[in-house]
Amino acid sequence: MSSRQIASGDVLYVLKNGFVFEAGEPSTRAEFFKYCIECTTPNSNNRNVRAVVIPCLKTRSIKVNTVMWVDEPIQGGGC
């Protein structure tokens, strides 16, 4: 996040207000799927932010795999 200059508050905003536009992809563990959530945040200057997350229903938790700008090339870990 720091190398892309994305604040943790923006990540929380994406998790709360973002949208999933595509079906989840299988994760490395068979029972989990990863999803891309994206939206524009108050600090993003009209750029979309994407968070790649892996939710766990059993523990009611979310692992944030990576966070990126949508308009920049994917460097890994993304959908």
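Visitor: Why is Cys-39 called buried?

Guide: Buried means under 20% relative accessible area, exposed means over 50%, and partly exposed lies in between (1.4 Å probe, protein chains only). Cys-39 has 10% relative accessibility, so the residue counts as buried. This is a predicted model, in which local features need pLDDT of at least 70 and side-chain atom pairs count only at pLDDT 80 or more, while totals for chains, interfaces and linings use all residues. Residues are numbered from 1 along each chain as its sequence is written, and side-chain values use heavy atoms, with hydrogens and water left out.

Visitor: How do you know that Cys-39 is too far from the closest cysteine sulfur for a bond?

Guide: A disulfide is a pair of cysteine sulfur atoms within 2.5 Å. The closest cysteine sulfur to that of Cys-39 belongs to Cys-36 and is 13 Å away, therefore too far for a bond. The search of the whole structure finds zero disulfides.

Visitor: Is Cys-56 buried or exposed, and what value decides this?

Guide: The relative accessible area of Cys-56 is 14%, so Cys-56 is buried.

Visitor: What makes Ile-6 a buried residue, and where is Ile-6 found?

Guide: Ile-6 counts as buried because its relative accessibility is 5%. Ile-6 is found in the segment before helix H1 (8-17); helices (H or I, at least four residues) and strands (E, at least two) are DSSP runs, numbered from the N terminus. Ile-6 and Asn-43 are separated by 37 residues in sequence, and their C-alpha atoms are 8.4 Å apart in space.

Visitor: What is the phi of Arg-60, and why is Arg-60 called exposed?

Guide: Arg-60, a residue other than glycine, has a positive phi near 55 degrees. Its place is in the loop between E4 and strand E5 (61-69). Arg-60 counts as exposed because its relative accessibility is 79%.

Visitor: Why is Leu-12 called exposed, and where is Leu-12 found?

Guide: Leu-12 is found in helix H1. Its relative accessible area is 58%, so Leu-12 is exposed.
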